[in-house]
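Come along while I jot down what I looked up.

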2 protein chains.
Amino acid sequence: MEFAVLNTDGAARAGRLELAHGAVDTPVFMPVGTYGSVKAMSPAELEEIGAEIVLGNTFHLWLRPGVEVIGAHYGLHRFMGWPKPILTDSGGFQVFSLESLRKVSEEGVKFASPINGDRLLLTPEESIRIQCALESDIAMVFDECTPHPATEKQAASSMGLSIRWAERSKREWERQPANANALFGIVQGSVYERLRDESLAALTDIGFDGYAIGGLAVGEPKETMFRILRHTAPQLPRAQPRYLMGVGTPEDIVAAVAAGIDMFDCVLPTRNARNGWLFTRWGDIRLRNARYRDDIRPIDESCLCYACRNFSRAYIQHLQRANEILGARLATLHNLFYYLTLMRELREAIAARRFDEYASRFASDRARLAAEKD
Amino acid sequence: MEFAVLNTDGAARAGRLELAHGAVDTPVFMPVGTYGSVKAMSPAELEEIGAEIVLGNTFHLWLRPGVEVIGAHYGLHRFMGWPKPILTDSGGFQVFSLESLRKVSEEGVKFASPINGDRLLLTPEESIRIQCALESDIAMVFDECTPHPATEKQAASSMGLSIRWAERSKREWERQPANANALFGIVQGSVYERLRDESLAALTDIGFDGYAIGGLAVGEPKETMFRILRHTAPQLPRAQPRYLMGVGTPEDIVAAVAAGIDMFDCVLPTRNARNGWLFTRWGDIRLRNARYRDDIRPIDESCLCYACRNFSRAYIQHLQRANEILGARLATLHNLFYYLTLMRELREAIAARRFDEYASRFASDRARLAAEKD
C-alpha cells in the first residue's frame, strides 16, 4: 500500500491511496456490500457511478456463504465480480451487536450463529485469517466497539482489550503468507479524550498502515461525536490514511473531511434509499410523501444519474409503494451517485484550496428544499 | 399498425410489426411489466438484451398508481421510461382471478379493490378508455377468460358474453380520438373446437388489427392446449398478427411458433428467476439446489448475458439465499436474455427455412443437463 497526501486546505486533505487492486482518490466514500453485494447495485453500475472501493462485512460473509466458497473463487473480488479495491471490517462490530447471543473473553467472542444457531468463536486470529482468505485490500484489526453510554472505567477496560486484540491481529497478519494488502488499527476510548489518546499511542507503537476512529456514531450526541473527532483526527499520523468508521450523513462527512478524515463508509445512502429517503444537493426528499404522487420532475433536476435522467419522482414513488425491485434500484443508484459526487467535489475543492467556500455553499444548497416547503 | 409476414417455413411465420412506438420482429416474446416495470429490470437493460415490446397490465396500473398519474406523464411510455412499443391486456384476466371479490353482469365486472377495498366496476368501455390513456400500442378487447374446467354450455355462455364485450370494446375504441394504435380481438371457447370456431367467426366479422388466443394455459392438460392451439391457430387471418396469451415454457413457445403463432407473453422467465429457476439452452437449473453451493461455473458457459459473463452459480445462489436484490436481478436478466435469444434464433431458422432442424436441435440441447444428472 502507498498513500500520498496531494493537497491540503486547512486540516482537510486530498490524497491518493494505491492498493493491491487499484488506486483510490481520497477523501473517499466506500459503499457497503455486506453479503458480497452493495444492496440493489450491480458491480457494473458501481463502476459507472465512480465507486473506487467497497466495504465487505467479514462477519456476514464468514457465516454465509462461508470462507471456503469464496476461497473457491480465489477471493471476494472474483466472487462478487468487483475487480477494484475492497476493505473488510473485522467482524467485531457485528458480533458485538448480537447482544444476548454472545460471550466475550480475553480469547475472543463466543456466539450462536444467527443463521443456524451453530456455536462459533471469533478471535483476532480468526478474523485476520478470514480477511486474508477474502483477499481484502485493507483488513481491519479485530476490536471491541465500546457501546454508548460507557463509564470511563468500562471504556478504559474495553479499550485495553481492543489494544491487546490489535497486537494479536498484527501478529497473525505477519504470520500470513506475504501479501500486498494493508492492515489498519482502530482507535477506541469512547467519549473520553484521555482514553482516545492512550489508544492511539498504543496503536502507533504497534504500527499499522492506516488508522481508523471507531466507536463513534453509536448513539452519542452529535456534538460529542464531533468533539472526539476534532480531538482525535488531527493526532492521527499525517502520512497515513485516516478512516472514520460508519459515518454518516452528507453534513457529517463534510465536517469530518474538514477535520482531516480521508475515508468513510456508511449504510445510510443504500438503506435509506430502500425506504424512500433520497439525498440531494438541495436537501433530503422523503419520496413516499403523498405530495410526490403525481410529481413528474426527477428526484433532482441538476443530477446526472440514470434515475434522474430518465424517471420522475411519481414513478419511483409508485415503484416503491408497489414493492417493485426497480424502486429500490433507482433510489440506491441516485443516493450513491450523490455521495460519490459529493466526495469528488470535496476533493476538487481541497485541490483548489476553496474548501471553506465549498462547505458554506454546500450548507446553503442543502437547506433549499426545506426552505421551499415552509 | 402494419404487419408483414416476411418468411414462412411450414406453418411457422417470421414477420415484422410496425407500431406507433417502433417495429417488432416476430415471432416475439413480450416480457411482462405488470406495474409499469418488468420486475427487477431497468428499461436500459431491457433494450440491451434486445426486448422490442413489453406488456403492461391495465388492471394493476388502473389501481396503482391510477390513470391520472400516468396521464400526467402523457402515457405509460414516459411514465416507465420505455420508448418502445407496449401491449396492454384488458384487465379481464386479472379481475376474474379475484374470485370471491367479484360479480359479473352483462354490463361488466363489479369488484372490491385488493389495494383499498374500494367498490369498482370494470366494463369494456372503461378498459378501452384506460388503455387509450396509457397510450398502449396494442390494446386488447375486454373479455371473460373462461376458467377450466367448464362444461360446453358454460363455455358457450362465457364465449357469447366475450363476443358482446368485444363489440362494445370495438365501438368504444372507435369513439376515441384518432390514434395510431391497434386493437386485438381474443378468441375464447375453452376446450371446444366448435366454440373456438364460432368465437373466431364472430370476431372477424367485427374486425380487429390482430387476433389472440385466450383461455389456454389456465389449468387444462398440455395435450388439450395443443389440440385447441393446432385447431385454431391455422384459421386465424394470415395477414394479421397472431398472439397466444400467457404462454409459456420454451418448449411451448417452439411448438406454438410451429403452429403459426407470432406473439407471446408469460411471467415464467421473470417469476421463476426470482425463485432460482433458470432457463438455459441445455435445460433448466434449480439454482437453490445444494449441488451449486460452490459451483464456480456461470449459469451457462455458452450464454453471453451479463450474469453469465461475470458471475458464478455459487455467487447467484448465495445472493438469492441471502435475499439480495442482485440475486433476483441477475437471474431475471439471464432468463429474459435466454427467451429473447430463443426468439431470435427461431426467426433466423424460419428465414433460413430450417425450422424443423432448429426445433429438433432445440429439443436435444434442452435435454442435456437432465441427462448429465442421471
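How many residues does the contact take from chain A, and how many from chain B? I looked this up before anything else, keeping in mind that the model is predicted. The contact takes 31 residues from chain A and 32 residues from chain B.

**Entry: the side of chain A that touches chain B**

I checked which elements give two or more residues to this side, and found four helices of chain A: H3 (67–72), H4 (76–80), H13 (313–321) and H14 (325–351). H13(A) gives the most, with five residues. I then sorted the residues of this side by kind: 16 are nonpolar, eight are polar and seven are charged.

**Entry: how the two copies relate**

I laid chain A on chain B and got an RMSD of 0.0 Å, using a turn of 180° and a shift of 0.0 Å along the axis. I noted this as the relation of a two-fold axis. Which C-alpha of chain A is nearest the axis? I found that of A:Ile325, 3.6 Å from the axis. I also saw that the same surface serves both copies, since 100% of the contact residues of chain A recur in chain B.

**Entry: the sheet in chain B**

I traced an open sheet of nine strands in chain B, in the order E4-E15-E14-E13-E12-E11-E7-E6-E5, with parallel pairing. Why is one side of E4 and of E5 in chain B left without a neighbour in the sheet? Strand E4 (28–30) and strand E5 (32–33) stand at the edges and each has a single partner strand, so one side of each has no neighbour there. I followed E5(B) to its pairing with strand E6 (residues 54–56) of chain B, which is parallel and runs over two bridges. There I picked out B:Val32, whose bridge partner in E6(B) is B:Leu55.

I next looked at helix H8 (residues 193–206) of chain B, which packs on the sheet and touches strand E12 (182–187) and strand E13 (210–213) of that chain. The direction of H8 makes about 160° with that of E12(B).

**Entry: a hairpin in chain A**

I turned to strands E2 (residues 12–19) and E3 (residues 22–26) of chain A, which run antiparallel and are joined by five bridges. One pair to find on screen: A:Leu17 has A:Val24 as its bridge partner in E3(A). The two strands form a hairpin, with two residues between them.

**Entry: confidence**

Chain A averages a pLDDT of 96, and 100% of the residues score at least 70. The model scores ipTM 0.97 and pTM 0.98.

Notes: Residues numbered from 1 in each chain as written. Chains lettered and ligands numbered in written order. Predicted model: local features only at pLDDT ≥ 70, side-chain atom pairs only at ≥ 80, totals over all residues. Least-squares fit on C-alpha atoms with pLDDT ≥ 70 in both. Contact = placed C-beta atoms within 7 Å. Pairing = 2+ DSSP bridges. Axes fitted to C-alpha atoms, helices over the stretch in contact; angles between N-to-C directions. Nonpolar A, V, L, I, M, F, W, Y, C, P; charged D, E, K, R; others polar. pLDDT = per-residue confidence, 0-100.
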